[in-house]
Amino acid sequence: MDKLKPWPDPYTTHGKTSPSLTREECILLGGALAHRLVVERLNLAAADFAPFYLRIVKNYFRKHDDELSNYRDMITDARDAAKLKIDLSHFNEHDFANVQRAAWLTIVRAITRLVSVNPFDSHHMESNPWLDPEPGCSAREVSAVKNPHLFFGVPNRTGSYALTNADFDAFWGTLTIPPPLPEPV
Amino acid sequence: MREWPEPYIDPSASAPDDVAALYSPAAPGWRKTHAFGAGMILTLTLMELRSPLSWEPPPSLRDAYMALVYRARSNALIDFTDEYRTLVNEITARSSNERAASAAVSQLGAPSGVSHHDVLDYTKFNANDFANVHRVAWLLLGRALASLTNLNPHGDWGDPPPNGSAHPSDLEHQRVRHRGANFEQLNYHYVPNLTGHYAVSSADVATPNAGS
């Protein structure tokens, strides 16, 4: 595994808070979160995790409240289900932003492998198909001006993310995906 | 979960010269639960999860699936069913995740002690089965993404007609009209194979009411 870069310093342009989790821990927790969102989907009797997570996200968009404690509880559930030994006692808003971001990347990278197209890969995205923050920076949201459906944003009032697709490649030892793809004929 | 529509392919729904309709099998060889079990395993194979989740299929399988889809997208006049059969067979055979296997066995209705892979009869796997397995994976990932962000990047679920099946060519132009010129790269949901209709809909992976 290539060594992952340290977090940006300062992490944000405002405030002094930095993530309490490492990039590796965020990737593992994001995978655990994505795993639960997928696996429990088919067992409707037990499928309360994904709807509840969605409910928190919806609540944020409606009220723009700080939902950090709710997210922490959900991510703790995912951590425990995955039997990960990661300390969340200092979990803060940036940790949530990065775990959410890691789950997003886990799922979108899987979609990319499934269809051999990154659904966010478009010249309308200003050549940023993974919606990464600027190198060495953190971000709260990268939006596509021409299509508001295509974005990655942190669904919480506070918190910035700095996890990138390149971190995933470094962590997994993969080449950046997807490969150049011609238009289907 | 409702079983497959019958007839699986409505001849009147496709133009007479629709090559996909002409060459698709009349019906899937697998039951719907089998498509869901294999689709779940495919989904988790494509995701990157590391021990102690203990889901570590060889990276080559993830890459092989993307590469095969890449070839199919680039050669839309070739039928890749045999290659998909071999690859999906290998993916399900080598899956080792206990929780995923448990979920798959639950879907498959396998008796206790029977491997999920043993339930899947690949001698019956045809183009429609590939279409459905692929479609299940697409829906599971799309649903997960929607739960995560409250947004479906595709805009809809690309469902076939109620109690019907669909070939991607039936829906492709609809997607383009829906999203306009900006959507050309997102017009990505179709079965990456010359033949095969899918009949799995978003209702099959319905989310329980999440409340207000």
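## After the end of H3(A)

Let's start where a helix stops: H3(A) is followed by A:Lys83, and this residue has a positive phi, near 60°. Keep in mind as you look around that this is a predicted model.

## Helix H3 of chain A

Now step back into the helix itself. H3(A) is built from 14 residues, and from its first C-alpha to its last it reaches 20 Å, close to the 20 Å expected at 1.5 Å a residue.

Which residues of H3(A) are buried? They are A:Tyr71, A:Met74, A:Ile75, A:Ala78 and A:Arg79. These residues cover an arc of only 145° around the axis, so they sit on the same side of H3(A). Turn to the other side of H3(A) and you'll find A:Ser69, A:Asp73 and A:Asp80, which are exposed.

So much for the two sides; what covers the buried residues of H3(A)? The cover includes three helices of chain A: H1, H2 (49-63) and H4 (93-115).

## Where H1 meets H3

Let's pick one of those partners. In chain A, the axes of helix H1 (residues 23-39) and helix H3 (residues 68-81) come within 8 Å and cross at roughly 90°. Angles from 65 to 115 degrees count as roughly perpendicular, and that is why H1(A) is called roughly perpendicular to H3(A).

Who touches whom here? On the H1(A) side you have A:Leu29, A:Ala32, A:Leu33 and A:Arg36, and they meet A:Ile75, A:Ala78, A:Arg79 and A:Ala81 in H3(A). Sort the residues of this contact by type and you get six nonpolar, no polar and two charged.

Next, look at A:Leu114, which lies in helix H4 of chain A. Is A:Leu114 buried or exposed? A residue needs 20 or more C-beta neighbours within 10 Å to be buried, and A:Leu114 counts as buried because it has 25 of them inside 10 Å.

Leaving out residues up to four places away in sequence, A:Leu114 touches B:Leu46, B:Ala137, B:Trp138 and B:Leu141.

## A look at chain B

Chain B has 212 residues, and buried ones make up 48% of them. Take its contacts with a separation of 6 or more: residues 24 or more positions apart account for 77% of those.

Technical notes:
Residues are numbered from 1 along each chain as its sequence is written. Chains are lettered from A and ligands numbered from 1 in the order in which they are written. This is a predicted model: local features need pLDDT of at least 70, side-chain atom pairs count only at pLDDT 80 or more; totals for chains, interfaces and linings use all residues. Axes are lines fitted to C-alpha atoms, for helices over the stretch in contact, and angles run from 0 to 180 degrees between N-to-C directions. Helices (H or I, at least four residues) and strands (E, at least two) are DSSP runs, numbered from the N terminus. Angles under 35 degrees count as roughly parallel, over 145 as roughly antiparallel, 65 to 115 as roughly perpendicular and the rest as oblique. Two residues are in contact if their C-beta atoms, placed from the backbone, lie within 7 Å. Ala, Val, Leu, Ile, Met, Phe, Trp, Tyr, Cys and Pro count as nonpolar, Asp, Glu, Lys and Arg as charged, and the others, Gly among them, as polar. A residue is buried if 20 or more other C-beta atoms lie within 10 Å of its own, exposed if 12 or fewer, and partly exposed in between; C-beta atoms are placed from the backbone. The expected span of a helix is 1.5 Å times one less than its number of residues. The arc is that of the directions from the helix axis to the C-beta atoms.
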